[in-house]
Amino acid sequence: MMALADTLRSLEIGDVPVATPTGRLVGASGLLLESVGCRLHTGQRCRIETVSGEWLDAQVVGFREKVSYLMPFKQAAGLSTGARVLPAPTATALQIGDSWLGRMVNGLGEPIDDLGRLGGEHRLEPVPPRVNPLRKQPVSEPLDVGVRAINSMLTIGKGQRVGLMAGSGVGKSVLLGLITRQTVADVVVVGLIGERNREVREFVEMSLGEDGLKKAVLVVAPADDSPLMRIRATELCHAVAAHYRDQGKNVLLLVDSLTRYAMALREVALALGEPPATRGYPPSVFSALPQLVESAGNGENPLGSMSAIYTVLAEGDDQQDPVVDTARAILDGHIVLTRELAERGHYPAIDVAQSISRCMAQVVPQAHALAARKLKASMARHARVRDLIPLGAYVPGADPVTDLAVRLQPHIETFLSQGTREAAPLSVCIEQLEAMMA
């Protein structure tokens, strides 16, 4: 009793809530809801009462004068004018630990795999942390992704950010699955953003497998989720990957796809009235993409790394698509998949000539880099006379360098091809490349 009395005396009158601030819903247009009567700040969570007496979770995305603009996390149904809007109580921060490995969550960090609650001993912020650029560890070691064309010609380093760029149906997701199975990493964080629902289970069973799932965390926001949920899921998978990186683990982050994240940002911005600029994308989209990508990569811990691979959809196979062009500028390399190679049955359909790894020179020995340059030069020589060969217009003997390129081309195509279940370790790829170009 004495302790209770001391506690009551220590409370000030201002600490005692005398009323619950309540707003009212006054408008609903498409994705955007309008509320008045309650002071809300941007980014704040709130709850909206439906006609059935249930509560719909939403977030404040903007305001104008006394009107607050809200966007629901899930499908908005059963709303009516005058419905109560309450600021959500301060949500319990997500806790993360090894219990997250092997689990699937949505953009709010809620488990969707029916395997029970998640927890851990570390606090997880919903947005990825920023790292001082002067304290980031450099990219200095190669990352074995198990894909021969990438390991040999476009070697990726631990901590590098790379984009897989192609039109629809060219094999981005299949290649991402191959990389998932073959890459040597302590933890794999996968963000399935805006993709088809059926691909979620297929990715788990066919790409990850039982062994791969044990060291993976999947953050899922399929195409029928709200744009706000897709944005939150993309940011959450970066935050999860950054946590394990800072714990000293080698992390591989896979995001499928960066374009769906940009489209979700576009939906929110257009709903708020931001004017469209390039192909319907408002300017804020192109400022948000670098902020997201820069949260990936290495951190301050020299023992950990965070390599990121993003799929980027080139609408209409246009490599000058605004999202593709922006991603090419802000990432540390891009791997272009072409429909021409896919139609010829060349898998993976990686166009080595159009692709580049900006960190390759930092992580491979000089002999490897020289052999890769020779192969690219040989492919360029062959491309000059490729159309002449079927017509019989090419006459061997005039140029020994071109003759060599023509003889090597079948071996190069075989070397750069790979089956969906075929393993290609980095050391073996380098030996094969150097032997072929010796």
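**View 1. The lining of the second largest pocket divides into seven nonpolar, eight polar and ten charged residues.** Here Ala, Val, Leu, Ile, Met, Phe, Trp, Tyr, Cys and Pro count as nonpolar, Asp, Glu, Lys and Arg as charged, and the others, Gly among them, as polar. The model is predicted: local features need pLDDT of at least 70 and side-chain atom pairs count only at pLDDT 80 or more, while totals for chains, interfaces and linings use all residues. Residues are numbered from 1 along each chain as its sequence is written, and side-chain values use heavy atoms, with hydrogens and water left out. The volume of the second largest pocket is about 590 Å³. Of its 25 lining residues, Lys172, Ser173, Val174, Arg196 and Glu199 are the closest to the centre. A pocket is an open set of points on a 1 Å grid over the protein atoms alone, with protein on both sides within 12 Å along at least five of seven lines; a lining residue has an atom within 4 Å of a point. Grid points are joined across faces, edges and corners, and a volume is the space filled by probe spheres set on the points. Helix 3 (172–182) and helix 4 (198–214) each supply at least two residues of this lining. Helix 4 gives the most, with seven residues. Helices (H or I, at least four residues) and strands (E, at least two) are DSSP runs numbered from the N terminus.

**View 2. The largest cavity has a volume of about 30 Å³.** A cavity is a set of grid points where a 1.4 Å probe fits but cannot get out. By this rule there is one cavity of 30 Å³ or more. Its lining consists of Leu143, Lys158, Ala185, Asn250, Val251, Leu252, Ser305 and Ser307. Strand 15 (250–256) and strand 16 (305–313) are the elements that give two or more residues to this lining. Strand 15 has the largest share, three residues. By class, the lining of the largest cavity holds four nonpolar, three polar and one charged residues.

**View 3. An open sheet of eight strands has mixed pairing and the order 8-14-13-15-16-12-17-18.** Strand 8 (103–105) and strand 18 stand at the edges with a single partner strand each, so one side of each is left without a neighbour in the sheet. Two strands pair if DSSP finds at least two bridges between them. Strand 12 (residues 161–166) and strand 17 (residues 333–336) run parallel and are joined by three bridges. Leu164 has Ile335, in strand 17, as its bridge partner. Ser357 belongs to strand 18 (residues 356–357). Ser357 is buried, at a relative accessible area of 13%; buried means under 20%, exposed over 50% and partly exposed in between (1.4 Å probe, protein chains only). The side chains of Ser357 and Gln160 are joined by a polar contact of 3.0 Å. Such a contact is a pair of N or O atoms within 3.5 Å; within protein, one must be able to donate a hydrogen and the other to accept it, and residues adjacent in sequence count only if both atoms are side-chain atoms.

**View 4. Strand 1 (residues 23–29) and strand 2 (residues 32–36) pair in the antiparallel sense over five bridges.** Ala28 stands opposite Leu33 in strand 2. The hairpin of strand 1 and strand 2 has two residues between the strands, and Gly30 takes a positive phi near 65° there. Strand 2 also pairs in the antiparallel sense with strand 5 (residues 67–72), over three bridges. The bridge partner of Glu34 is Tyr69, in strand 5.

**View 5. A cis peptide bond joins Asp256 and Ser257, with omega about 10°.** Ser257 is in the loop between strand 15 and helix 6 (258–271). A cis peptide bond also joins Tyr347 and Pro348, with omega about -10°. Pro348 is in the loop between helix 9 (339–343) and strand 18.

**View 6. Asp114 has a positive phi of about 55° although it is not a glycine.** Asp114 lies in the loop between strand 8 and strand 9 (122–124) and is exposed, with a relative accessible area of 78%. Arg279, also not a glycine, has a positive phi of about 50°. Arg279 is placed in the loop between helix 6 and helix 7 (283–294).

**View 7. Gly146 and Gln182 are 4.7 Å apart in space, C-alpha to C-alpha, and 36 residues apart in sequence.** Gly146 is in the loop between strand 10 (142–143) and helix 2 (148–153). Gly146 counts as buried, at 3% relative accessibility.
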